[in-house]
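Please walk me through this model, stop by stop. Tell me what to select and what I will find there.

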Amino acid sequence: MRGRATGGRFVGQRVPRHEDVRFITGTGQYVDDVVLRGTLHVAFARSDAARGRLTAVDTKAAADLPGVVAVLTAADLNHLVREWWTDFEGPNGQSRQFRLFADGDVRFVGEAVAMVVAESRYIAEDAVELVEIDIEPETPVVDPGHAATAVAPPVHPELGSNVLLELPPVENPAVESAFSSAPHVFTETFHQHRYACVPMETRGILASWDAAGRELTVWVSTQGQFAAQGLIGRVLGIPEAQIRVIMPDVGGAFGQKMFPHPEELAVAFATRQLGRPVKWIEDRRENLLCGEHAREDRATISFAVDDQGAILAAKADFLESAGAFPVAGGSALLLTTSIFPGPYRIAAAAGSGKTVYTNTTGRGSYRGPWMIETVARELMIDHVARILGVDPLEMRRRNVVREADLPYTMATGLVYDQMTAAATLEQAAELIGYDELRSRQAEQRAEGRLVGIGMSLLAEPSAVAFGWFSSDAAVVRIGLHGRVDVLTTAASHGQSLETTIAQVAADELGVDVADVRVIQGDTAVTPFGPGTGGSRSAVVVAGAARGAAQEVRAKLLHIAAHRLEAAVEDLVIEDGRIHVTGTPTRATTVAEIARLAYLDIAALPPDQGPGLEAQYRYSPRDKFTWSNACHMCTCEVDPVTGAVTLLRYVVSEDCGVMINPSVVEGQIAGGVVQGVGGTLLEHFVYDEDGNPLTTTFMDYLLPTATEVPVIEYGHIETPAPTNPGGHKGMGEGGAIASPPAVINAVADALAPLGADQSRVGVAEYIADRLVFVAAAT
């Protein structure tokens with residue numbers, strides 16, 4: 001660890017997670033653990049064609065099955081939908097393509113056609129088999145490259161075009177001048193294949209309509225209770241005040257559960273129509289088939305480079321597949337083009353791109369949705385370095401933004417007020433023993449072994465703070481016995497917020513972290529806010545908790561000073577005890593002051609009202625708080641089988657002042673594992689007819705402990721200037737930087753064989769090289 005920032009008694013410490021007791025003992029409560037008397041269960045009949053005319057939906061046999069309460073289709077519900085824009089989008093989101101059920105046609109395999117509501121899930125599933133769906137198949141649009149052409153039929157006939165978003169090339173004299181005069185110009189195209197979020201817990205909802213009280217109560221696996229409340233209210237036409245959304249424990253989300261999908265919304269309609277609680281728990285095949293996909297991207301990158309390997313200018317053109325019905329915020333094109341230069345001194349840059357509809361599952365904002373910019377840029381740097389005969393570490397050293405360059409304005413206009421990419425690069429190289437590895441690699445190659453070293457640099461725009469994500473709030477309350485409740489807008493689904501937010505509050509209030517309880521996930525209790533996403537919690541949520549705790553602390557000290565007949569500035573709070581500096585016997589406790597504040601109001605100072613409670617809403621200074629990291633790894637490719645084995649994996653991360661290093665490392669590890677899986681194993685495949693080929697874990701492969709080496713961590717702590725705690729978000733970096741590091745390692749291993757890096761995807765890139773190895777041996 002370098003540059004260790006000053007922490008408090010708890011901030012900066014490896015405090016054991018509060019959440020772990022219930023999770024490891026199996027006493028957590030997820031949506032499916034919530035049981036209401038008289039609950040009905042849902043199963044969906046889905047399209048088995050990617051594109052076609054929906055000529056008939058016969059539900060009679062299903063409806064006649066004993067135990068079936070209702071079978072609902074587009075004819076029953078689609079026309080009841082009022083508005084479908086999310087708080088993230090605002091009313092402009094009404095232009096996003098949306099429907100509850102297929103109506104007149106089908107547009108991807110897995111699209112819901114009918115919903116069976118029955119006394120049990122078993123009956124519902126049996127009834128789904130009785131729903132007769134007649135489809136006249138039509139040729140689907142599966143390939144995004146084809147979708148972008150004028151000859152491709154529109155996925156949505158009412159639109160007339162498959163282009164959802166386009167950023168056309170803009171003439172940039174500085175870029176063109178650099179390219180025209182550069183000694184070297186390189187252009188390559190990289191394809192990134194489609195993969196999925198795959199949370200441990202699939203989507204799920206239990207909804208119950210109280211006709212007498214005219215209130216809808218919803219338990220849902222979500223990333224934000226208020227986002228769910230707002231969308232459900234608009235879709236059903238119910239005032240938000242009549243909807244209570246409760247978020248129980250959530251078993252992972254990774255962007256998939258930011259907003260309710262058509263299935264969850266249909267369940268809300270069903271309970272209102274039928275007057276009984278209705279539950280749907282997505283099965284794993286449904287989750288893989290239609291629970292949002294991501295990452296299907298193409299990037300064409302051009303670098304203008306001088307003889308020493310300095311990047312003079314860059315161009316990037318991106319193509320995203322949005323699927324048929326992308327979720328709100330599914331396209332990352334605007335951010336991708338804005339941050340493409342990354343942590344490098346690239347004086348001139350130009351970005352363009354398109355997001356297109358295809359007859360496939362809709363795109364979602366999977367952890368680090370803009371990551372193609374890092375993948376393509378980092379692969380391109382290694383590719384150029386190999387052609388120029390420059391070591392890839394040295395290539396990065398020559399181009400990375402250094403401390404002396406700060407503040408640094410990217411060619412796209414975004415500003416790095418702080419960036420320690422150069423420091424993380426050097427720390428990672430030291431941790432992995434880079435020079436020694438290169439010397440050993442030469443010996444191993446002489447022995448015929450295919451060993452490679454890969455790396456990547458990342459600049460992460462964390463703590464998104466604009467629009468719907470502008471602020472978060474917290475209520476801090478000290479109870480009668482001195483224990484603390486923090487009610488927060490957060491919606492933790494694996495981020496350890498019950499622990500980290502408690503650490504922040506405990507330090508500010510001078511109490512033990514065990515005496516702080518974090519409450520979240522209930523619209524009837526917690527403050528209004530956007531929930532958890534965009535690597536925001538350490539900065540924005542902790543900022544709100546810190547602000548509220550400071551206000552409560554100030555009141556606590558004023559009352560204690562009055563009680564002890566001392567000056568406020570002379571008081572110290574330690575472990576729940578308040579005493580005068582230098583005179584520890586003149587003391588009271590937080591619990592005693594709380595009892596005064598609630599029960600003996602006459603004993604309070606004249607300027608202090610009763611109670612110990614404060615609400616604080618916080619927004620960071622800047623729209624982004626930049627964090628950064630360097631990933632390095634080594635691998636070996638078996639020259640006979642083509643198997644790739646990762647040997648070592650090192651991460652150097654700067655996320656500012658760490659609240660809890662164990663949580664930071666857990667976030668890094670989770671992201672790295674997802675990146676390794678996405679590179680070497682995971683691949684959601686469609687055939688040319690739009691049929692999904694990987695809808696079970698027999699085909700869609702996930703990484704296990706066998707495929708992932710022990711991850712080694714280095715930490716650099718430089719306090720962020722954007723927030724009082726000096727924290728930076730880092731929840732997405734591990735999933736972004738790991739794929740290019742692994743790919744570059746495999747490319748390096750196979751470089752002596754002359755395998756070409758261009759125009760292949762992440763998984764295809766590996767496969768291409770394995771075929772090459774087999775042929776060569």
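**Stop 1: an aromatic chain of contacts**

Start with Trp468, which counts as buried because its relative accessibility is 12%, under the 20% cut-off. Keep in mind throughout that this is a predicted model.

Trp468 and Phe528 form an edge-to-face aromatic pair, with 5.5 Å centre to centre and 75 degrees between the planes. The pair links distant parts of the chain: Trp468 sits in the loop between β20 (450-462) and β21 (472-478), Phe528 in the loop between β23 and α16, 60 residues apart. Phe528 is partly exposed, at a relative accessible area of 41%.

Next, select Phe226. The structure holds 15 aromatic pairs. In one of them, the ring centres of Phe226 and Phe528 are 5.1 Å apart and the planes stand at 65 degrees, so this pair is edge-to-face. Phe226 belongs to helix α7 (residues 225-236), and 302 residues separate Phe226 from Phe528. Is Phe226 buried or exposed? Phe226 counts as buried, at 6% relative accessibility.

For a further aromatic group, select Tyr416, Phe466, Phe624 and Trp626. Ring pairs link these residues into a cluster.

**Stop 2: Val513**

Go to the loop between α15 (497-509) and β23 (516-519), where Val513 is found. Val513 has 7% relative accessibility and therefore counts as buried. Show its neighbours: leaving aside residues up to four places away in sequence, Val513 touches Phe10, Val15, His18, Ala502, Gln503 and Ala506. Check Gln503 in particular.

**Stop 3: a three-stranded sheet**

Select β24, β25 and β26. These 3 strands form an open sheet in that order, with antiparallel pairing. β24 (571-574) and β26 (583-589) are the edge strands; each has a single partner, so one side of each lacks a neighbour in the sheet. From one strand to the next, the twist averages 30 degrees.

Zoom in on β24 and β25 (residues 577-580), which are joined by 4 bridges. Here Ile573 stands opposite Ile578 in β25. Now show α16, which packs on the sheet and touches β24, β25 and β26. The direction of α16 makes about 120 degrees with that of β24.

**Stop 4: two crossing helices**

Which residues of α16 and α17 meet? Leu556, Ile559, Ala560 and Arg563 in α16 meet Val590, Ile593, Leu596 and Ala597 in α17. This contact has 7 nonpolar residues, no polar and 1 charged.

Methods
Residues numbered from 1 in each chain as written. Predicted model: local features only at pLDDT ≥ 70, side-chain atom pairs only at ≥ 80, totals over all residues. Heavy atoms only, no water. Buried < 20%, exposed > 50% of the residue type's maximum accessible area, 1.4 Å probe, protein only. Contact = heavy atoms within 4.5 Å. Nonpolar A, V, L, I, M, F, W, Y, C, P; charged D, E, K, R; others polar. Pairing = 2+ DSSP bridges. Axes fitted to C-alpha atoms, helices over the stretch in contact; angles between N-to-C directions. Phe/Tyr/Trp six-rings, centres within 6.5 Å; stacked < 30°, edge-to-face > 60°.
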